[in-house]
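I opened my notebook to look up side-chain partners in this structure.

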Amino acid sequence: MIKRLGLAAAALLSLLVSMLIVPAPAHAAVGLRVSGTRILEANGNAFVMRGVSHAHTWYTNQTSSFANIKALRANTVRVVLSGGRWTPNSASDVANVVSLCRQNRLICVLENHDTTGYGEQSGAYTLDQAVDYWSSVRSALTGTEDFIIVNIGNEPYGNNNVSAWTAATTSAITRMRTLGFQHMLMVDAPNWGQDWQFTMRDNARTVAAADTQQNTVFSVHMYGVFDTAAEITAYLDAFQTAGLPLVIGEFGHNHSDGNPDEDTIMAQAVSRGLGYIGWSWSGNGGGVEYLDMVTNFSPTALTSWGQRIFNGANGIAATSREATFFGGGGTDTTAPTTPGTPSSSGVTSTGATLTWTASTDAGGSGLAGYDVYREQGSTDPLLGSSTTNSVNLTGLTPATQYQVYVRARDGAGNQSTASATTTFTTTSGGGNGGCTAAGTVQSQWSGGYVVQPVTVTNTGTSGITGWTVTFTLPAGHTLAGSWNATVTTSGQTVTARNAGYNGTVGAGGNTSFGFQVSRPGGNTATVGAYTCAAS
């Protein structure tokens with residue numbers, strides 16, 4: 001993770017229907033292997049990654065980080081390596097990393113960071129060069145297939161020429177197998193890992209079919225593009241529907257390109273049995289120091305992000321299970337008992353408190369938490385999650401009836417049957433509603449620029465259920481795309497209205513959208529003022 005640029009297209013809410021289930025492997029994989037959407041160990045036990053990234057290539061002396069990450073209950077560490085863009089990690093250094101992984105009973109995802117932002121960031125390597133590096137350190141990886149995963153190249157394309165990702169990734173996988181690598185392979189999405197153009201999503205079947213061992217896992221990085229629950233669930237749904245394996249290979253609690261919804265990311269990963277790997281342990285720079293989980297590599301100095309990912313709801317401590325390869329115990333297939341019927345209290349125009357009788361878990365992995373859903377036909381949206389038998393729901397729509405139920409889950413990802421439902425109605429609210437809008441130019445170049453985020457803030461004393469933002473494009477500028485809003489243009493005037501999933505904003509709360517503009521070469525003007533009206 002060096003830089004994040006991304007757009008969230010409106011099409012993110014549409015599921016991929018053309019992706020088909022991958023055919024049976026031509027050659028049986030060894031060690032960790034793919035089975036449908038799941039990752040299995042060699043003995044057939046399911047393994048779900050719960051881990052963090054460690055920037056080893058820049059901090060090779062911080063070898064105690066492996067033990068410290070393990071002590072906080074992680075079962076996976078993603079290790080940053082370089083083949084030459086930075087000081088190269090030699091075969092002997094990689095062998096030492098492998099030894100640290102095994103000593104500390106961690107599944108290790110080894111990633112080559114050289115490819116980050118290829119085509120957009122100067123100095124980035126190609127995926128073909130990344131394979132050359134893996135070939136040079138292959139001696140350190142022989143026989144490690146039970147606990148090592150090879151992440152061929154980190155975020156291998158920026159936002160330029162991303163259509164080339166499919167062929168380049170297919171070629172890299174083919175070369176890795178030709179070189180004799182038997183490991184599970186992991187491939188990152190383009191668009192700085194965030195796949196906002198859906199290149200990986202829409203071509204995943206083609207890429208998976210290129211692996212003669214059918215043992216490739218796809219990795220999406222979730223930052224500002226994934227700032228709403230709808231975007232997150234739509235992307236995860238696409239891979240689940242296609243029967244293809246996906247992990248959230250990086251994510252954070254905040255970022256310069258927007259505010260990712262880490263609560264939904266973690267809750268959805270747990271409820272679906274998907275792995276997640278947070279960025280990152282320590283040592284961040286370049287303005288993203290807030291992504292450090294601990295200060296100065298000290299495990300006793302957890303930051304707020306560190307507390308969230310390790311000890312918060314759906315966090316590592318509550319949901320991580322050690323790989324059975326290291327003696328981590330048998331498979332838990334027993335679901336928790338059904339929670340009691342929830343009861344509501346403290347109902348307001350935009351929120352409510354629910355409590356219920358706690359579940360118990362006899363499967364061995366321990367009770368991890370609860371998810372609250374709204375009964376709404378064939379697709380029931382997730383309203384909130386909690387590690388206790390109580391939750392405070394927020395962001396609800398005023399004067400609306402909600403029928404809700406609760407499901408418990410354990411550390412192995414098993415979910416209980418649904419509780420009985422309860423019904424409550426939010427109040428109509430009071431006070432005045434108003435809003436403001438402010439845009440940030442995320443990036444620009446001679447022929448255009450990206451504004452992300454445009455932050456819409458509810459300045460009123462009650463919740464709003466919709467907003468409209470208007471702004472004027474400078475002369476000669478044209479709108480090239482938008483996301484998280486329904487946009488129309490009339491001449492140079494642009495009107496952006498909330499999408500179906502981000503119109504409800506509580507008093508004092510905010511949401512966001514973004515857009516891209518084309519402009520004449522050499523023109524440096526950008527959009528200035530914004531006006532906002534609430535409904």
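This is a predicted model: local features need pLDDT of at least 70, side-chain atom pairs count only at pLDDT 80 or more; totals for chains, interfaces and linings use all residues.

**Aromatic pairs.** I started with rings and got 19 aromatic pairs, counting rings of Phe, Tyr and Trp (its six-membered ring) with centres within 6.5 Å; planes under 30 degrees apart are stacked, over 60 edge-to-face and the rest tilted. I looked up Y235 and F239: their ring centres are 5.5 Å apart with planes at 35°, so I noted this pair as tilted. Both sit in helix α6 (residues 229-242), 4 residues apart, which is about one helical turn. I take helices (H or I, at least four residues) and strands (E, at least two) as DSSP runs, numbered from the N terminus. Y235 and F239 are both buried, where buried is under 20% relative accessible area, exposed over 50% and partly exposed in between (1.4 Å probe, protein chains only).

Residues are numbered from 1 along each chain as its sequence is written, and side-chain values use heavy atoms, with hydrogens and water left out.

Next I checked W467 and F513. Their ring centres are 5.5 Å apart and the planes meet at 20°, so this pair is stacked. W467 is in strand β20 (residues 467-472) and F513 in strand β24 (residues 510-518), so the pair ties together parts 46 residues apart in sequence. W467 is buried at 1% relative accessibility, and F513 is buried at 0%. I also found F218, F226, Y235 and F239 linked into a cluster by ring pairs.

**Charges over rings.** Here I wanted NZ of Lys or CZ of Arg within 6 Å of a ring centre and within 35 degrees of the ring normal. R138 has its charged end over the ring of F181, 6.0 Å from the centre. R201 lies over the face of F198, 4.2 Å from the ring centre.

**Salt bridges.** How many salt bridges does the count give? I got 12, taking a side-chain nitrogen of Lys or Arg within 4 Å of a carboxyl oxygen of Asp or Glu. K70 and E322 form one of them, at 2.7 Å, N to O. K70 is in helix α1 (residues 65-71) and E322 in the loop between α9 (316-319) and β11 (343-345), so to speak a link between distant parts of the chain, 252 residues apart.

D128 and R175 make another, at 2.6 Å, N to O. D128 belongs to helix α3 (residues 127-136) and R175 to helix α4 (residues 165-178), so parts 47 residues apart in sequence are tied together. D128 is partly exposed at 41% relative accessibility, and R175 is partly exposed at 25%. I also noted that R78, E111, D188 and E250 are linked in a network of salt bridges.

**Nonpolar cores.** A core here is a set of buried Ala, Val, Leu, Ile, Met, Phe, Trp, Tyr and Cys residues joined through side-chain atoms within 4.5 Å. The largest one has 91 residues, and L110, W134, L141, I152 and F218 touch the most other members. Leaving aside neighbours within four places in sequence, W134 has contacts (heavy atoms within 4.5 Å) that include L81, E111, M176 and F181. Another core lies apart from the largest one, with 20 residues, among them W467, A485, V517 and V527.
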